[in-house]
Amino acid sequence: MNKIFNGQRLKEARLYNKLTITELGEKLNVSKQMISKYENGNGEPSFEKSLQLTSILGYPREFFYTLDSFKLKSEGTFFRSRLTATQKSKDPASIALKYSVIVRNFLEQFIEFPVLENRVNYETYEEYNLIAEKMREYLGLGNGPIHDVIEVAELMGFTVISMEYSESKVDAFSSMNSVEDINGGKNDYFVIVTGTGERSSFYRQQFSIAHEMAHWVLHQNINPQELDKDEYKVMEDEANKLASIFLLPQDSFGAELTNKIVDEIETYYNLKRKWNVSMAAMIRRARDLGAINTEQEVKLYKQMHYRKWKNPEPFDLETKVTVPVAFKQSLELLIDEGILKGHEIPMKIAEQYSLYLTPKMLAMICGVEPAMFMDNSQSKIVLKLKDYRDFRSSSN
């Protein structure tokens with residue numbers, strides 16, 4: 001029995017590669033109408049064209065001839081720059097997020113990840129200081145600077161991945177997802193994705209991750225795609241406020257400002273490496289704390305502009321961006337303990353979820369090299385040890 005071509009999978013692969021129907025048609029040497037027929041289930045490519053699709057889109061041929069054996073439900077994606085981000089930049093990001101949910105669900109069969117529990121309760125949005133305090137208390141962070149927010153997020157149970165995109169309009173994004181497998185098992189995951197593009201900065205990333213964590217705390221059961229522009233902006237402002245308080249507590253950061261010259265930019269330059277937050281974010285926090293007024297805030301931004309300390313700020317280019325480690329450590333544990341071989345992992349995912357992912361895609365999601373998922377035992381190269389005994393005897 002011949003397998004049926006899955007047009008929805010073709011659309012997914014096309015969007016992941018940021019191609020329009022017309023662009024894919026040109027690469028495949030067919031009309032855009034034919035691509036539309038493929039995607040809508042009204043036609044299917046020939047064997048030769050299907051092979052071309054795998055080459056053009058970077059997906060294995062089996063990907064286009066299977067159906068999902070799982071149900072994935074998303075409550076919508078929080079794009080930190082949704083108001084300016086293009087759909088072309090959001091599509092591949094959302095698809096990568098989907099794949100990361102499946103990988104996490106697969107790994108949980110073997111690995112005991114931290115469980116994301118809603119232990120932060122609040123009555124009104126005005127209790128931000130209390131919410132941030134409870135978040136820090138849950139992780140034993142105290143009131144000091146946070147060394148690595150990605151590490152904090154993974155310890156809380158968030159799924160965090162770093163995606164290779166360089167869209168200047170998308171800093172980070174997140175989404176609550178539910179996965180139901182063929183046996184009826186259901187699991188929920190809040191995934192946070194951060195980018196590794198040219199604009200990536202450790203200090204900017206610190207705030208971006210905290211911002212997405214704040215969405216989970218404040219906006220559960222809200223689908224951001226159902227909000228209008230003004231409602232979405234309010235929600236973003238709320239997440240920014242909680243992220244700022246979480247990273248820069250009043251009792252510690254605020255107290256430190258009382259001993260500084262708060263309207264001189266050198267103060268924030270010197271504090272940046274200690275608090276691991278951008279100068280711009282610290283200036284905004286200083287204003288919110290009442291340490292500076294609006295006029296002083298404007299003065300500080302002008303000082304940054306005059307010294308060319310914006311985009312990038314000082315230390316941005318020389319400070320290495322941190323990356324998630326939970327997936328990487330999980331894979332290493334599975335392989336080191338002999339539970340699975342690297343090349344078996346994409347095979348097992350395909351068997352359980354009917355989702356065929358290439359080593360390159362899995363490597364991007366897990367933060368490892370593609371070689372981890374390849375079977376090198378099939379190599380035809382055979383190396384032998386030289387008979388060094390004759391060499392050793394002649395040298396004597």
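Author: Helices here are DSSP runs of H or I with at least four residues, numbered from the N terminus. The model is a predicted one. With that numbering, the position to look at is Ser354, in the loop between helix H15 (344-353) and helix H16 (359-366).

Is Ser354 buried or exposed? Its relative accessible area is 18%. Buried means under 20%, so Ser354 counts as buried. Which residues does Ser354 touch, once those up to four places away in sequence are set aside? They are Arg9, Thr66, Leu67, Ser69 and Ile349.

One of these contacts, Arg9, leads on to helix H1, which spans residues 7-16. H1 packs with helix H3, residues 32-39. Two packed helices are described by the angle between their axes and the distance between the axes. For H1 and H3 the angle is about 120°, and the axes are 6 Å apart. That angle makes H1 oblique to H3. On the H1 side, the contact is made by Gly7, Gln8, Leu10, Lys11 and Arg14. H3 supplies Ile35, Tyr38 and Glu39. By class, the contact of H1 with H3 holds 3 nonpolar, 2 polar and 3 charged residues.

Next, the sheet. Its 4 strands run in the order E1-E3-E4-E2. The sheet is open and its pairing is mixed. Strand E1 (70-79) and strand E2 (159-163) are the edges. Each has a single partner strand, so one side of each is left without a neighbour in the sheet. Neighbouring strands are turned by 25° against each other on average, direction ignored.

Met163 stands opposite Gly195 in E4. Helix H8, residues 202-218, lies across E1, E4 and strand E3 (172-181). Its direction is at about 155° to E4.

Now step back to the whole protein. Its secondary structure comes to 17 helices and 4 strands. Of its 396 residues, 47% count as buried. Ser354 is in that buried class. Among contacts with a separation of 6 or more, 74% are between residues 24 or more positions apart. The accessible surface comes to about 21200 Å². Carbon and sulfur atoms hold 49% of that surface.

Key: Residues are numbered from 1 along each chain as its sequence is written. This is a predicted model: local features need pLDDT of at least 70, side-chain atom pairs count only at pLDDT 80 or more; totals for chains, interfaces and linings use all residues. Side-chain values use heavy atoms; hydrogens and water are left out. Two strands pair if DSSP finds at least two bridges between them. Helices (H or I, at least four residues) and strands (E, at least two) are DSSP runs, numbered from the N terminus. Axes are lines fitted to C-alpha atoms, for helices over the stretch in contact, and angles run from 0 to 180 degrees between N-to-C directions. Contact means heavy atoms within 4.5 Å. Buried means under 20% relative accessible area, exposed over 50%, partly exposed in between (1.4 Å probe, protein chains only). Angles under 35 degrees count as roughly parallel, over 145 as roughly antiparallel, 65 to 115 as roughly perpendicular and the rest as oblique. Ala, Val, Leu, Ile, Met, Phe, Trp, Tyr, Cys and Pro count as nonpolar, Asp, Glu, Lys and Arg as charged, and the others, Gly among them, as polar. Accessible areas come from the Shrake-Rupley method with a 1.4 Å probe; for residues, only the protein chains shown count as cover.
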